[in-house]
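Have the model open beside you as you read.

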Amino acid sequence: MRMKHWFYTVPLRFRSLFRSQQVENELDEELQYHLEKKVEEYIGQGLTPEQSRQAALRAMDGLTQRKEECRDMRGVNGIENVLQDTRYGLRMLAKSPGFTAVAVLTLALGIGANTAIFSVINTVLLEPLQYPDPDRIVQLMLFSPAWAAGKNANTASVTEFNVLREQRQSFDEIAAYDTARGVNLTGVESPEQLRAIHVTASYFPLFGAHVVMGRAFTADEDRPGGPHLALITDGLWHRRFAGDRSPVGKALLLGGAAYTVIGVLDPTFAAEDAPEILLPLQADPESTNGGHTLRVAARLRPGITLAQAKVQLKLAYDQFLHKFPNRVDTATRSESFTAEPLWDTTVGEVRRPLLVLAGAVGFVLLIACTNVANLLLARATGRRREMTIRAALGASRGRIVSQLLIESVLLSLAGGAVGLLFGDIGVRALMAIRPGGMPRIGSAITLDAPVLAFTLLLSISTGILFGILPAFGSASQLGAGAGLPGSGTRAGTGIGQSRTRSLLVIAEVALALILLTGAGLLIRTFWALRTVDPGFDAHNILTLEMSLAGTDFEAAPVLAEMIRDAERRIESLPGVVAAAATYSLPLEFQLGGPVAIEGLPNDRYGANMALVSRHYFDVFRIPLRQGRSFTDRDDEHAPAVTLINQAMAEGRSEGMRWSSTFPWRNANPLEERVTMAKGNGPPFEDRTRQIVGVVGEVRDAGLNRKPIPMLYMPIAQLTDGNAKMSSRGLPLRWAIRTRAEPLSLRADIERELRAASGGLPVAHIRSMEQVVGEATSRDRFNMILLSVFAGIALLLGAIGVYGLMAYAVQHRTQEIGIRIALGARPRDVRLMVVLEGMRLALSGVVLGVAGALELTPLMGSLLFGVHASDPVVLASTAFVLSTAAFLATYIPAHRATRVDPVLALRWE
């Protein structure tokens, strides 16, 4: 019986939804049939036809009631009610196009901003890494409590990797890879630099790097002296081998050596740093190279937790100390190997800024919701008569609340649709101003399915959020005679009786002030970064990069001669002041390591190191504080010399891995001799050098960090081992100071560099001002976005104050007219309205200041040169918001003074 019931009722419910008219006609026919049968029955009992019909209707409780019972039994009344309310809501919104347009645009601003930010957060923070079993992939690194705030080094040396790769108790796959660097593709019509990374054979199974054509490296090929092999990306294949069906087996001349292409990577594989070509690492297991140039990743074995793996890594560090007893001094015995989830090391630096921005757009949406809620409350006053009539005709409070909420959701869905357009525009703007180094963002961010689902859910939630208060407020005010003629709907609608609307305005002013304060702090931060003295002059400097990997310039004398020849050629060009070569530009990647002071025990002290040519300090205008600078005589035949910066001369070493101070034996550091990377052994250990000069401090570690110890060495005095290691691991960077706009001399400088280097291509051509701009790009990104959100909040807050005061003036027209008729001066009326509006605005300002003092400390890591509770910022934002509120209040106040008393007394 139950099965038959379902076979009947389920199709009936579907038909009731999609063919309602047909079902209604069938219901009418069936009820009419039963009515006629009843009439015939009563006629057979001797009643007249009229009496029989009345009796049949009484027996059936009336046709209308019976129809309602039948409809209830179908179980689709709720859906039908929603559809009816939706149609009615659309008609009501269409009847008020001005109100609808304002509400939709207000919501679109809030929803669009949230959609844009969520698109970035979804790509960067929420989407899992596109690797097999990504939650079990960890990065192996060095932990040092002596480093800045215990920060881990996310790179490793070859010697450390050789120890880490043996830790099979905790890890299935252990792979090493370096960061992308330039490698010269020559032997073709148009030589160019390609982005290349060196990887171990285990890299491919660890990261799921599938090969769609050919094969990957094998473990036998990934060894010192192994064959020269290469895998290329799908993009490089189509760009360089578009006419070939398969590039496998082709030879590429990379860095002067022939490499055989053995495979093409799957185009869906997204490697870190977006390389174009992958080469075997072929790490030497007997190497003593202590340079941190590798990243090491591994997959945890099944059943092994991260905590267990960390214990095993501490034991591995003891093995490292035993194998290299001279590499680490007693001051660093507290170091150890450690592991962190790859996801954390990938997005850790951008997580907090993105969450701060997410909170900011959430505030914008809340402000938009309060504005629309105020609009709905104002509209509800005009619709009180309508709601009273509906209640008098039998509509329940729940049905009225449901209908008003559906109208709110319809508004919000329309706002969401327009917000998607705003969100797409916002995403394009974000891509245009995104900071350098933002991880996991390719060439574009798309509004994909998760973003669309987020926008839909946000739109529905927003509609309920801003609609629930006006809906319940309207339903709660329904009463006998309310809203009907003579009920006095105009009376008592001033600010004192509009407490809910006043509280909403106070809330949005407070939220706007919090956003303005955050934006003000970031503006102060960005200004401080732009005005801080970096220690060098970035104006009129052109920078270029040249890859020397695998070339004839790995021998120190040949490298030095090439640099001298290139400097002579470039400096002979009209408009060039000076030219210099280095392996590290200011504000970018810096080499670093232990420094041993001659005459002291085995203790070592930390410093960064810059390899520079003779005119480096002239190009960057870094002042000489003491002693002398480098000269032409400081070549491979002269005694080894070095320069240090003021921080190192004064013994400061903040945030370095090794000792925190330099205990110079003499008061004058020019009497000291130092050795860089002592204990690494040949060919990596440098010669002992005499300090011959002290130069000014450069903020090499970042504009927002104090200068750290820096040791400068002339490239002309490099050992062959260090020259080879530097050329293989780093591009040679050129810096040329010009008298004119630097990029205007680009072609001439490129020509001379190619002539001096035998035709090597150059890449990554930028002005030094661009380099400085990239160093502050993340701060600029945060500042621009939060300032835009704060501007929207300020606009919405001012609109909210204006809307409330305009509403109050409109509904107090009769009162204001009476005041004027009794002799009130326009100035008094204006002052009355302004004071009422400013009381609300200043209440919001006070709450906003309190909220800002509580929330802005969360931005501490984003700030520089300003405190989170900076009184100047708080006072400035309070003044700006108060001024905007005053202007928003003054307009309706001025309008109130123009009320005609005669017309006002007739107002109903």
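How do the residues of the lining of the second largest cavity divide into nonpolar, polar and charged? They divide into 6 nonpolar, 3 polar and 3 charged. Please keep in mind that this is a predicted model.

## The second largest cavity

This cavity has a volume of about 120 Å³. Of its 12 lining residues, Leu-376, Ala-380, Arg-383, Leu-404 and Pro-470 are the closest to its centre. Two or more lining residues come from each of α11 (342–382), α13 (397–433) and α14 (449–476), and α14 supplies the largest share with 4 residues.

## The largest cavity

Searching the whole structure turns up 5 cavities of 30 Å³ or more. The largest holds about 150 Å³ of space. Its lining has 15 residues, and nearest its centre are Arg-564, Ser-613, Arg-614, Asp-634 and Ala-716.

Helix α16 (residues 556–571) gives the most to this lining, with 4 residues. By class, the lining has 7 nonpolar, 2 polar and 6 charged residues.

## Two positive phi values

Most residues other than glycine have a negative phi. Asn-540 has a positive phi, near 60°, and sits in the loop between α15 (499–531) and β12 (541–546). Its relative accessibility is 29%, so Asn-540 counts as partly exposed.

His-764 also has a positive phi, about 50°, but its place is in strand β22 (residues 763–767). With a relative accessible area of 42%, His-764 is partly exposed.

## A buried serine

Ser-119 belongs to helix α6 (residues 97–126). Its relative accessible area is 1%, so Ser-119 is buried. Beyond its neighbours within four places in sequence, Ser-119 is in contact with Val-427, Ile-445, Leu-447 and Val-451.

Terms used:
Residues are numbered from 1 along each chain as its sequence is written. This is a predicted model: local features need pLDDT of at least 70, side-chain atom pairs count only at pLDDT 80 or more; totals for chains, interfaces and linings use all residues. Side-chain values use heavy atoms; hydrogens and water are left out. Buried means under 20% relative accessible area, exposed over 50%, partly exposed in between (1.4 Å probe, protein chains only). Contact means heavy atoms within 4.5 Å. On a 1 Å grid over the protein atoms alone, a cavity is a set of points where a 1.4 Å probe fits but cannot get out, and a pocket is an open set with protein on both sides within 12 Å along at least five of seven lines; lining residues have an atom within 4 Å of a point. Grid points are joined across faces, edges and corners, and a volume is the space filled by probe spheres set on the points. Ala, Val, Leu, Ile, Met, Phe, Trp, Tyr, Cys and Pro count as nonpolar, Asp, Glu, Lys and Arg as charged, and the others, Gly among them, as polar.
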